[in-house]
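I opened the notebook to go through one structure, piece by piece. Here is what I looked up.

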Amino acid sequence: MATSTVRSRLAMLAFPGLLAVPWSVQVFSGRDATLLFAWGLVNTTPPMVTTLPEFLFLYTRGLPEYILAWPLSVGVYAAAVASAAIGRRTGREDRRVTAGLLAVAAVAQAQLAWGFSIQPNRVAWPVGSAALLAVAAVHYRGRTRNGADDPSDDGDAPDD
């Protein structure tokens with residue numbers, strides 16, 4: 001199997017893999033942590049799970065605006081997944097759009113982590129930003145030949 005085909009398949013597996021990675025990890029006073037995923041959040045003390053729709057419709061009243069970066073990043077991520085899926089199905093994906101959408105989602109997650117980190121006794125780690133950028137790099141680089149954007153390259157040609 002060609003190296004580029006392996007990279008292409010790995011890149012496509014990485015998209016759903018982003019659902020298992022916490023996009024942001026907030027630690028409060030060094031004891032309590034909240035893990036924000038694309039699908040919801042997990043609190044460690046007390047242990048509980050809140051889905052993203054539940055959070056948006058029940059808990060967002062009166063919260064700081066930077067928290068809206070979370071659903072924004074999830075929406076942009078969903079657009080990247082749609083771009084990759086449609087492109088794979090039709091064979092006409094513009095890899096720059098997909099990678100760019102993942103990069104925008106990463107920036108939004110960094111904004112969320114920054115917003116949490118400026119609060120007293122809190123620190124936030126933008127794990128999702130790093131993961132989203134890594135998937136963007138693998139997806140973009142894995143589907144191009146020699147780093148050049150070649151629209152005729154379907155990712156299945158052997159590397160030179």
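This is a predicted model: local features need pLDDT of at least 70, side-chain atom pairs count only at pLDDT 80 or more; totals for chains, interfaces and linings use all residues.

I began with strands S1 (residues 24-28) and S2 (residues 32-36), which run antiparallel and are joined by five bridges. Strands here are DSSP E runs of at least two residues, helices are H or I runs of at least four, and both are numbered from the N terminus. Two strands pair if DSSP finds at least two bridges between them. I picked out Val-27, whose bridge partner in S2 is Ala-33.

Residues are numbered from 1 along each chain as its sequence is written, and side-chain values use heavy atoms, with hydrogens and water left out.

Next, the whole sheet. I traced five strands in the order S4-S3-S2-S1-S5, an open sheet with antiparallel pairing. S4 and S5 are the edge strands, each pairing on one side only. Neighbouring strands are turned by 15° against each other on average, direction ignored. Axes are lines fitted to C-alpha atoms (for helices over the stretch in contact), and angles run from 0 to 180 degrees between N-to-C directions.

Then the helices. I found H2 lying across S3 and S4, at about 85° to S4. H4 lies across S1, S2 and S5, at about 165° to S5. Contact means heavy atoms within 4.5 Å.

I checked the surface. Phe-57, Leu-58, Tyr-59 and Leu-63 make a nonpolar patch of about 460 Å². Patch residues have over 30% relative accessible area and no salt bridge; nonpolar side chains (Val, Leu, Ile, Met, Phe, Trp, Tyr) are joined within 5 Å, like charges within 9 Å. Areas come from the Shrake-Rupley method with a 1.4 Å probe, and for residues only the protein chains shown count as cover. Leu-58 sits in helix H2 (residues 52-59). Why is Leu-58 called exposed? Its relative accessible area is 58%, and exposed means over 50%, buried under 20%, partly exposed in between.

I looked at two loops. Thr-45 and Pro-46 are joined by a cis peptide bond, with omega about -10°. Pro-46 is in the loop between S3 (40-44) and S4 (47-51). Asn-121 is not a glycine, yet has a positive phi of about 60°. Asn-121 is in the loop between H4 (95-117) and S5 (122-125).

Last, I searched the whole structure for salt bridges and got one. Arg-96 pairs with Asp-94, closest N and O atoms 2.9 Å apart. The cut-off is a Lys or Arg side-chain nitrogen within 4 Å of an Asp or Glu carboxyl oxygen.

Conventions: Buried means under 20% relative accessible area, exposed over 50%, partly exposed in between (1.4 Å probe, protein chains only).
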